[in-house]
Structures are given as structure tokens and as C-alpha cells.
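Q: I have a model open and want to learn how to read its features. Where do we start?
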Amino acid sequence: MTGGAKQRYFISYAGVDRPWAEWVGWYLKAAGHEVELDVWDWRTGDDFVDRMDRALNQADAVVALFSEAYFDPKRWTRGEKNAALAGDRRIIPLAIESLAEVAVPPLLSTLVSQKIHGLDEEAAREALREAVEGARLPDEPPVFPGRAVTLEAVAVPGGAAVLEGVAVPESAATPGDAVAGLGEDGVRPRLPGAATSSDPVLRLGRRNLDFSGREAELTQLREDLTNGDRTVVRALHGMGGIGKTQLALEYAHRFAGQYDVVWWIDAEQADQVPVHYTELARQLGLGRPEAGAEANARTLLGHLRTRQRWLIVLDNAEDPEQLQPWLPDGPGHVLITSRNPDWRGVARQTGLDVFDRADSVAHLRAQIPTLGVEDAGLLAADLGDLPLALAQAAGVIGSGMTVERYRGLLATDTERLLEAGGAPGDRASLAAAVGIAAARVAGEFPVAAALLRLGAFFGPDPIPIKWLEGGRGRLTDAAGELDDVMWPRSALQPLNRFGLARVDHESFQIHRLTQAVLRERITAEGARKVRTEAALVLADAVPGDPEAPESWASWATLASHLVSAHIDRTEPDEVRSALLNAAHFLILSAQVHKAWSLASDLRTSWTAALGADHPDTLGCMEYIGRAMSETGDVHEALSLIRDTLTRRQRVLGEDHPDTLRSANDLSVTLDSCGRTSEGRAVMEDICRRRRRLLGEHHPLTLQATSRLAHSMLDSDPETAQRMHEEVLQHQRRALGEDHRDTLSTAHGLASALAFLGRYAQARPMLEDIWRRKQRTLGDHHRDTLMTAQQLTYVLSKMGEHDEALRISEGVLRMQRQTMRDDHPEVIHAVNNLATTLSYLRRFPEAVELLISARNNARRVLGDDSELTERITKNLARVYIALGKPFEAHRLTSDRRKQRKRATGRKKKRR
């Protein structure tokens, strides 16, 4: 490529076509042009959108590599599609594979593309030059494209079928499979798919045609291996079934064209590695039969020091120390796969995790095309996104089993199910792999095996190591020798080494399917013992008061295990206490659906085991009632809360703290139902009792007094203001500015000021409270949203309608994520939003919202509720503003008739 004006090119391509992008970029640069290619010029941490925008704006032309993957609708970024295709810059389309069956978008279908696939390298370079600089008359007849050769399948010791011989022809691999990597090693990239001057030496397992996902990992792996001019040794590590071997196999096939030697070795037995090297030495003409395996292996290692373009894959290696003496040195690449994560000082390490959910769903649906997205997502969640488990599940379901049946068996007969449906290229089923590794640990490290069994009864989330340290006295077999100061590290390291757990300095984690297989292999008596120990460790891990937001991070970790752990939830007593506190935490942290589910399950089991009136069973009823109320079932909640209060009064007495807590729930729920005066009477009684039992300034007394003041906002805002000011003074001194009760009282005081029309005073208070609640409770917390909602009312009254609208829309959007549209707080938020829209004279939108809010309020709260009446009045006002006085009159007239009928019924009852 020579001649032509020098240009700046941006290369647009699909991720899987990176080899072509690098090849094109290399030769454009060699011709003196400037090239912007993401994998060369963009760094980790760069703003992708910003870099894309700048690259497109600075480019004289966009070189677009057309392929089937390029036109996949899911891969386009908005910036690339709009800027590259809708702009006025030149687009240079290069076809890197046949487009006969590809749906090219209309915007691009009219462009003439230059074909560069299926050519030898010299012809492809000329085609590239012609595309960017224009055609010219050739000096001689064109050369016929490169020859195609065949691969012969041969057997490899160990039974795996491999391809051995020369380069993969186009019939066996897509052009994009042979990757032209460009790294700091300075090796010129080869044209993808082109034949080389000498036949490469390949010993490689058959490609898994069902391989999917892991594109980011493949890209990163290629960058890591080409980043240097000497030998690069990279270890892929992770638990069994994570896909280490499949990733290495895909890499070796996809990048095979960049190597002269690709040699795959089963390295599980490190002492057999020299034997495998001897076979490679023979293929290269270096071997001497009389010299022996070790001598031939060292001859090979010496040869590799002087040779470029080789890849050695050491699959399933276990012991870094035994393997290190046999690692090649020279300008090539070594790729290791291992369950063992500890390759420090031997290799650069890359840990593999499970698929993300999107890749899991895509993999399942590719294998089972009739599987819906929702079913695929549920199945992926049950399988913990483990690649091998996904492949096995696809095999079983695809051969004649419904998803529902599979998911049911997965919960009841995990090991048997996981023995079925093997995946291509994997030596053993997931269940067998777990069994083999666990048996080895049990034989060599009995304390580690006991700890593994214990971990199988926890939830699938990471288990903090400090729980083991704090609960060691509760353990028997898993505790090890008490003088072992390195415990639990000494017990966790073997689990890490054999890929049965992921371990870091703070926690360890066992995959949910590994846990299930292990639980099924434990005897009934052994399971009872381990369940009890796991429950006691969890009970000892309670992090304190669930009402303190600073403890919520620790509570979130513990609750995830208490909810999903396979433990006895009834005994001992401290386990029940921990479970009730977990339900309380879930409600306080706005996870009401999880709280409802947990408390309902506990109520069922504890009613059977302890009785319907046991204090802990009544505790479950309390939290179910709160969850019902917070999700919108206020009338159902009211019935359950009354029942709980009646039972507690009978069992525990009128003044018991649990009884007064139920009375508080009753008052709050009555207020939510619009029965404010009834709720206020209940709260007044609670205040009297707490003053008598606890004193005037006890935190619980102050809390009740604040709630009583709040119930008086509509009827007597001056008194409510005075009470809030007095309570707030004591709470700030005793609890601090950011305590939830302090913030609640401050909110009440600001609301009282707003009711009194003192908006300039209320606004800065509400803004400060909102910020504090966002910081301590979170943006989506119910209390946070209530303060934001009150702020919108004040902003509207001050004429700042645009800002009020912005906040109102955000509040309603977040409320609807956890509450139904007929929840009183959502109804109130809709009314607020409609009021703001009416201030902005957006009357049709306001009418639509108010009609919906009024219908919900009438159905849930009744026609006589204060909120229903307020919405009705607002709707009438908007109708009048729209010039519909008869609609407004009909609303108010219907309301008067309803009041008259209600009054008549009351007189009859008298």
C-alpha cells in the first residue's frame, strides 16, 4: 500500500472480528495513515461514549468491517450507529465474510463493499489499498487465492479427539477464527484465514460449536498474551464447571492462525508433561527415541527459546511447583487452566467467574430455541449461571423434559439430575467432578472436608470468614485443633486449591450446585449435626440492632444466608430471634416482599411446632402485617394487625413492649386507611403507657409522641409544630442528627411549617432531611421518598413548578418499583404530581392522573377518606380550568349526595 493522501481512519467492527480489525489497522498504519482502533488506543477506565464520539468526529473516514456479527442489532451502540452511519463522513465497507445471507440495513445496503476474505495476503492488501485509495490497473494478472488443506482427526492419549496437521481451511473455520493479534511483542499480524509458508504443527481438541459468551474474556486473554516480547504464561483458574478448558480451547482455535505451533497437553499429572513434550519434539523433527522423555523435553524447551509463534496449553494443571520446571521460555505463549488459584510467581493469573445472566439466557436459548426469556432466566438463576450446568441442562431439556420438571428435580434430586446430560468436551458431569474433588479433600484434609460440609448448609452467597472465627466454639469436626492459629485459613486453602470454594481475605463461597451435591452425599445423622452447627454460627453473627442503618450492610449479608440456608429454623431459641430480626431488617431497608415471604414461611412452620400464640409466631404475624401495609394491602393488613394485637394483649399483657409495638402498627395503619382520628386515639394511649412505664424522655416515648404530633398536622398544625420541636430537641441530644427517629421528627416539623404556610422555613429543612435520608437510608427507601414528596409540595407552593415536577416524577417512579398503584402513598404521590402538572397548565395529563388516583382511593380508602376528598376537589378544580364546569359540578354534587346518604344511615342506626 503506497501513495494517496494520508488520512485518519476509525475502524468499526464487531468484537469477534478483532483479528481483521488489527490486520487492516496494521497495514493502514504501514501506509502512513493515522488509525484509531479501540484495542490499541483506548485504555481501561476510559469513557467509552466519549472516546467513540471523539474518534468519529476526528476521522476522515470510517472503515466498516462487514460480517454477520457486524449487523447483529444487539451489538450496535447508539453513538456508533448514529454518528458513523448518519453523518456525512465517508464510509469504506470491507466484506470480511460472505454477506449472501446477511440482512444488511437499508442505510448500508446501497454502498459498494470491497471483498477481502478468501484472498491470499498479497491480494487482500491490494484490495484494502484499492478500497481506501481507489482502483488502479494491475501490473500483472492477479494471483489465485491461497490453497485449502485438510485436517486429519487423530487420537490423543486420554481419549480426546484432536486435529493434527496443517492450517484450518475455510470450510472448517470462519475467516474471523484465525486472529491477527497485534501486541507489544511486535509480531506482524497474519491475514485471517490465509495459508502460511510452512505447515503449522497442531495438537488440539475439537472445537465446541456450542461455545458462546466470554467474548470480553477472550479479548482480554489475547491482549494479555500479546503484551510482551518474551514468554507470557497466563493461568486461567476457577471452580469446576466454570468453563476454563472451553475458554482455552476456543482461544486456541480462534487464534490458531497466528501460531506455527499449537500444542495441547493434559497436565493433571505434572510428571507426564515431559512425555507430551517428547511428542511435540518428534513432530518438529527434534526428538531422538534413544534419548528418553526428559532429554527430548529439554531439547524442545531449548528450541522454543529461539522460536516465535508458538502456543502451549497446559490443561487442568494442579501443582504450580511441580509444573514450573517444565514451563517453556521464549517468544511464545503458555496458557494454563487450573482449579488452583495460587499461581503467584509462576504465571499471571486470570480468575473466571460464572456467566452473567444475559450470557446464561443467550446460551440456553441458543440450545433450546423454544425456551422463553423468562423461563431461561429462572433456570439460569437455579443453576447459578454455571456454564457446565447450563450446558448439561440444555442437553437434558432439549432431549425431552419440560423446564418446570427440570427445575423441580433440581430442587429435590440435584446430584442425579447433574449426572445426566454431559456437555461436549468435558471429562465428567458436574456431580462427578464435585464428588472427585471432595473425596480428595476428605482423604488429605479432613478438617477442610468438615468445613466444606458446613458451608454446604449456608446460603450460596459469600460467607464472611469472621463468622467462622467468632463461631469456632460452636463447631466440632470443622474447628480443627484448637492450637492451630492458622485456622480457618488452613482449612480453607485446600478448598480453594481444588476449586470447591472461592476464597479471599474476607470470605469464602461455594457454588449453589456444589452445595446441593454435597448435601445429598451426607448421611441423615451427619446432616442434622451440620445443620445445627450452621444455625448456631449464623445466630452468633447477628450484627446488632436492625434499626441502626449503619448495621444494614452486615444485616444484608446475614439475611441472605438466614433466608436461604438449609438449617433448622425452629431450634434453638437464638436462631428464631435472628430470623425475626432479619425480617425486621428487610422491612426497615425497604425489602418488604422478601420480609413478607420469610415471615410467612416462619409463621407456617412455627405455628406447627410452637403454636399459634407463641411470642415468636406472633412476631411473624407482626412483620407480615407491616409488609402487607407497606405494599398496599392496608385493609388485609389492618385485620391481621388487630388479630396480632388481640393475641398479644391476651398472652403478654397490655403493657408488654411487643403489645405496644402492635398497637403502634394499628395506629399507623388506621391513619393510612384515612381513619386518622381512630389512629390518633390509639397513639395517645401508647404515649400514656410509655410515659408511665419508660419515662418522658425514653427514645420509645419520644417516638410515640412524634407520631402523635404527626397525626395532628391537619387538625392542629400549631400544636403539632410545638410538639415536634420539643421532641426533636431531645432526640438530637440522645440519638444524634442522623438517627431515623430524629429525621422522622424533623420531617414532621417541616411538614407542620408547610401546613402553616411557612414555606421558606420548611424548604431548607426538607432539603437537608432528604439529603440525610438518602445518605443513611438510600434513595429508594420509603422514608426518603416521603420527604422528597413533601418537598415537591413546598416547591409548588413557592412557584418552582419545574423542579417540583422533576422530583415528583422520580418519586412516583421509585415508589412503583416496590408498591402497587393502589397503595395510599402511591395515590398521594400521583395526586401531588397531578397538582404540579395543573400548576404548569398541563391539564389533560393532570385529569388522567387524578381520575386514576381517585378511583384507587375510593376503592382502597373509601369515599369518606380525607385523601379521596382532596383528590376529588383537585379534579373538580382542573375540570373548571379546562372549561368543564358541569363535570366539576357532577363530582361535587355526587359527593354531597354520598355524604347525605351516609348521614341518613348513621341516624337510622341510632
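A: Start with the surface. This is a predicted model. The chain exposes about 41300 Å², and carbon and sulfur atoms supply 50% of that area.

Q: What share of the residues in the chain is buried?
A: Buried means under 20% relative accessible area. Of the 910 residues in the chain, 51% are buried.

Q: How many helices and strands does the chain have?
A: There are 39 helices and 16 strands.

Q: Among contacts between residues at least 6 apart in sequence, what percentage join residues at least 24 apart?
A: The figure for this chain is 66%.

Q: How do I read a sheet?
A: Strands of a sheet pair through backbone hydrogen bonds, either parallel or antiparallel.

Q: How many bridges join E1 to E3?
A: Four bridges join strand E1, residues 8-12, to E3, and the two run parallel. Within that pairing, serine 12 has alanine 64 in E3 as its bridge partner.

Q: How many bridges join strand E3 to E4?
A: Strand E3 (residues 61-66) is joined to E4 by six bridges, again in parallel. Leucine 65 stands opposite leucine 94 in E4.

Q: And on the way to E5, what is the bridge partner of leucine 94?
A: Leucine 94 has glutamine 114 in E5 as its bridge partner. Two bridges join E4 to E5 (residues 114-115), and these strands run parallel.

Q: Why is strand E4 largely enclosed by the rest of the structure?
A: Count its buried residues. Five of the six residues of E4, residues 90-95, are buried, so the strand is largely enclosed.

Q: How many residues of strand E9 are buried?
A: Six of the six residues of E9 (residues 232-237) are buried, so the rest of the structure largely encloses this strand. Check each face in turn. Val232, Arg234 and Leu236 are buried on one side, and Val233, Ala235 and His237 are buried on the other.

Q: Which way does E9 pair with strand E12, parallel or antiparallel?
A: E9 and E12 (residues 333-338) pair in the parallel sense over six bridges. Valine 233 has valine 334 in E12 as its bridge partner.

Q: How many bridges join E9 to strand E13?
A: Four bridges join E9 to E13 (residues 348-351), running parallel. Histidine 237 is partnered there by glycine 351.

Q: What is the order of the open sheet of three strands?
A: The order is E14-E16-E15, and the pairing is antiparallel. E14 (463-464) and E15 (502-503) each have a single partner strand, so one side of each is left without a neighbour in the sheet. E15 and E16 (residues 507-509) pair over two bridges. Valine 503 has phenylalanine 508 in E16 as its bridge partner.

Q: Last, single residues. Is asparagine 296 buried or exposed?
A: Compare its relative accessible area with the cut-off of 20%. Asparagine 296 is buried, at 3%. It lies in helix H10, residues 293-304. Beyond residues up to four places away in sequence, asparagine 296 touches Thr278, Ala281, Leu286, Gly287, Arg288 and Ala291.

Q: Why does leucine 700 count as partly exposed?
A: Partly exposed lies between the buried cut-off of 20% and the exposed cut-off of 50%. Leucine 700 has 34% relative accessibility, so it counts as partly exposed. It is found in helix H30, residues 699-710. With Leu693 and Leu694, Leu700 makes a nonpolar surface patch of about 230 Å².

Technical notes. Residues are numbered from 1 along each chain as its sequence is written. This is a predicted model: local features need pLDDT of at least 70, side-chain atom pairs count only at pLDDT 80 or more; totals for chains, interfaces and linings use all residues. Side-chain values use heavy atoms; hydrogens and water are left out. Patches are made of residues with over 30% relative accessible area and no salt bridge: like charges are joined within 9 Å, nonpolar side chains (Val, Leu, Ile, Met, Phe, Trp, Tyr) within 5 Å. Accessible areas come from the Shrake-Rupley method with a 1.4 Å probe; for residues, only the protein chains shown count as cover. A salt bridge is a side-chain nitrogen of Lys or Arg within 4 Å of a carboxyl oxygen of Asp or Glu. Buried means under 20% relative accessible area, exposed over 50%, partly exposed in between (1.4 Å probe, protein chains only). Contact means heavy atoms within 4.5 Å. Two strands pair if DSSP finds at least two bridges between them.
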